[in-house]
Amino acid sequence: ASPEFPPPSPFLPASYESLIRDIEQHLLRASRDVHRAFEDLNDEEREFLMAERWNLSDVFAEDIYIHFDEDRARYRKNQRLIELAERVDMRMLVSAARTIAEMSQPTRLGNAKRILRAHFDGELEAEILLEKDTDYGKIIIGGEGSHWYREDAAFILDLGGDDLYSAGAGASAGWNLPAAIC
């Protein structure tokens, strides 16, 4: 592990209650790190980033070199995006990503599935076994039945079935849902 970041936690929850607490703690840490990454920006600057963030990738997709962009208004917006991005604490974003990624480690997922199957024994054919709102986003545990996930959620763990994921299911969605995993 890097000396700048702690190694992944060896802790594996042993019960349903400790598993849900562990998920909430990971979401809390990741959300805090994302907010810390942008704390040097004021509200107007954060809103500008949210509203205009796709402009930069659109220019790249169109094979336009930023410094040769003939659309001067777009050029100015992209220059501002770059200037604001330089003030974002990338270490905090990496820390948030590591925290979220830790939840997807095979050992952790296998342990979580074992705990959930034991806890929901007899109910596993249900589409949704748990929907819990938290300050960091919704936690959803899906059963073995088929389901279409189409709402914002910070954490989705599905135990099986023929599922479809769309909209913000398991994807971060701005300041209100800064970290997510599916």
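Of the residues lining the largest cavity, eight are nonpolar, one is polar and two are charged. Here Ala, Val, Leu, Ile, Met, Phe, Trp, Tyr, Cys and Pro count as nonpolar, Asp, Glu, Lys and Arg as charged, and the others, Gly among them, as polar. This is a predicted model, in which local features need pLDDT of at least 70 and side-chain atom pairs count only at pLDDT 80 or more, while totals for chains, interfaces and linings use all residues. Residues are numbered from 1 along each chain as its sequence is written, and side-chain values use heavy atoms, with hydrogens and water left out.

What is a cavity? On a 1 Å grid over the protein atoms alone, a cavity is a set of points where a 1.4 Å probe fits but cannot get out; a pocket is an open set with protein on both sides within 12 Å along at least five of seven lines, and lining residues have an atom within 4 Å of a point. Points are joined across faces, edges and corners, and a volume is the space filled by probe spheres set on them.

Let's look inside. There is one cavity of 30 Å³ or more, and the largest cavity holds about 110 Å³. Its lining includes Leu12, Ile23, Met103 and Phe155. Helix H1 (16-37) and helix H5 (106-119) each give two or more residues to this lining; H5 has the largest share, four residues. Helices (H or I, at least four residues) are DSSP runs, numbered from the N terminus.

Now for the largest pocket, with a volume of about 490 Å³. Among its 21 lining residues, Phe38, Met50, Arg53, Leu93 and Trp175 lie nearest its centre. H4 gives the most to this lining, with five residues.
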